[in-house]
Amino acid sequence: PIITSYYAGTPLNLTCTVQLIAQVDTNVTFNSLWTGPGGQISSGVGRVSLSSGVNQTTVQFYPLNTTDTGVYNCSVNVSASGQQYVDTSIAVNSFKTSITVTALPAPQVTITSSGSSTAGSSYNLTCTVMVVNGLVVVPQVMWFKNGLSVGGNNISLGQLIVSGNTSIHTVQFNPLHTSDGGQYSCIANVSLPVISITSLYTTSLYNTTAQIPPPTVTPMASPSQTVSEGDGIVLTCGSQLNVYVDTQVMVATTWTGPGGVGVAESNTSLVGGSYQSSLTLMSLAPEGAGTYNCSVSVLPNKTQYVYGTSNYSTIEVALHTITVTTSTNTPTSGMNYTITCTVVRSPNVPSLPLLSWNEMTDQNVFPGTQSTIGNTSTLSVSFVPLYTSDGGTYTCQSNLSYPVQSIITKDTNATVRIPPPTVTITSTPIATSYYAG
């Protein structure tokens, strides 16, 4: 006997073919009889059927069951009855085969992902199901998320693709939302009631954790990024979340100042679709000028299946300083005397300041030649010579224009007082002689 092994649920044909060794020129009749573990196999329609052809008979199992295990025997009767001079005795031969039918194993199920798990990106989950070769049915494939059927406006289920013993089913997210994060399960089920298999299934699990994309962070300054020493400034950090972040999140803002020194963790509130946090700097000192860093962290309220993120941006706070100097502390009438106004602007201010000297009492404007080297601009007024009438209070005005949402003009004043020049009076006695009377 030939011993072979098969799986339940697969088809099998056992064929008995008769071939005479010697050539016969008379009419020969063949009769085949199949027997199995349950006795004689009769022709008919069903899971196990018998069909006949020329010189052969076939037992068809569609499909096999474990109860089909056993030895099968094909007995062939050959006769030529009714022919003169021919031995009409029946020639008998038989063929035996043994088959073993193993219980159908459960499907093998695996889930793989492709694309980016960042919200707003294209993302796919693919379920691959493998069954035994020749299985007479296609497994049913079902998707669930956290125990519920998969579905949604941004989710589409692809067609089941079957190739040989492999079935593939894909869930497409167009695009992925943070609410799509969760535990996904793919269930492959085989049902063959004809062999008493009502539900043979395998479940595969896959955790999809959605990544919140970094927010867009935009810092702003009011009234402007350039202020004078002692002025106040309000820095506002605005952060915009990706539109595909559709789960509840917590947004926190941290400010650091020049040199990376921590300034404050300020309250963040939702204003018109944008998260905003403000930092107020009062009476800005020179050491307060520099780079301010606004760091925004976005954390999910429920950390399972959603990853948080962060982003930052910087803004420069420039100090617009103005100083005045004089050529000497003790002006003297008739001497050459100079007062100088010096303005140092921040490198991030593209425009040059416009300087002018004014005498406050008479509101006289004194012309001069302004010079600029690097970020330093100077304007000097020379008195050649200095008169006593030149004494008084002089103001240097720095007019600086720069774009911050709109054109803003910043006036900064500095004063210097020229005391009245000193005047030296000398007398020389003259000797004269006179007569009395």
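The lining of the second largest pocket in this predicted model comprises 7 polar, 3 nonpolar and 1 charged residues. The residues concerned are Thr178, Ser179, Gly181, Thr247, Gln248, Pro300, Asn301, Lys302, Gln304, Tyr305 and Val306. The volume of this second largest pocket is about 180 Å³.

Let me turn to the surface. Here Val138, Leu160 and Val162 make up a nonpolar patch, and together they have about 230 Å² of accessible area. Valine 138 itself lies in the loop that runs between β10 (123–130) and β11 (140–145).

I come next to the covalent links. A disulfide is a covalent bond between the sulfur atoms of two cysteines. How many disulfides does the structure hold? There are 4 disulfides, and one of them joins cysteine 16 to cysteine 74, with the sulfur atoms 2.0 Å apart. The link between cysteine 16 and cysteine 74 is left-handed, with -85° about the S-S bond.

Finally, the charged pairs. Side chains of opposite charge can pair when their charged atoms come close. The structure contains 1 salt bridge, in which the side chains of arginine 47 and aspartate 68 meet at 2.6 Å, N to O. This pair, too, links distant parts of the chain, 21 residues apart: arginine 47 sits in the loop between β4 (39–40) and β5 (48–53), and aspartate 68 in the loop between β6 (56–61) and β7.

How values were computed: Residues are numbered from 1 along each chain as its sequence is written. This is a predicted model: local features need pLDDT of at least 70, side-chain atom pairs count only at pLDDT 80 or more; totals for chains, interfaces and linings use all residues. Side-chain values use heavy atoms; hydrogens and water are left out. On a 1 Å grid over the protein atoms alone, a cavity is a set of points where a 1.4 Å probe fits but cannot get out, and a pocket is an open set with protein on both sides within 12 Å along at least five of seven lines; lining residues have an atom within 4 Å of a point. Grid points are joined across faces, edges and corners, and a volume is the space filled by probe spheres set on the points. Ala, Val, Leu, Ile, Met, Phe, Trp, Tyr, Cys and Pro count as nonpolar, Asp, Glu, Lys and Arg as charged, and the others, Gly among them, as polar. Patches are made of residues with over 30% relative accessible area and no salt bridge: like charges are joined within 9 Å, nonpolar side chains (Val, Leu, Ile, Met, Phe, Trp, Tyr) within 5 Å. Accessible areas come from the Shrake-Rupley method with a 1.4 Å probe; for residues, only the protein chains shown count as cover. A salt bridge is a side-chain nitrogen of Lys or Arg within 4 Å of a carboxyl oxygen of Asp or Glu. Helices (H or I, at least four residues) and strands (E, at least two) are DSSP runs, numbered from the N terminus. A disulfide is a pair of cysteine sulfur atoms within 2.5 Å.
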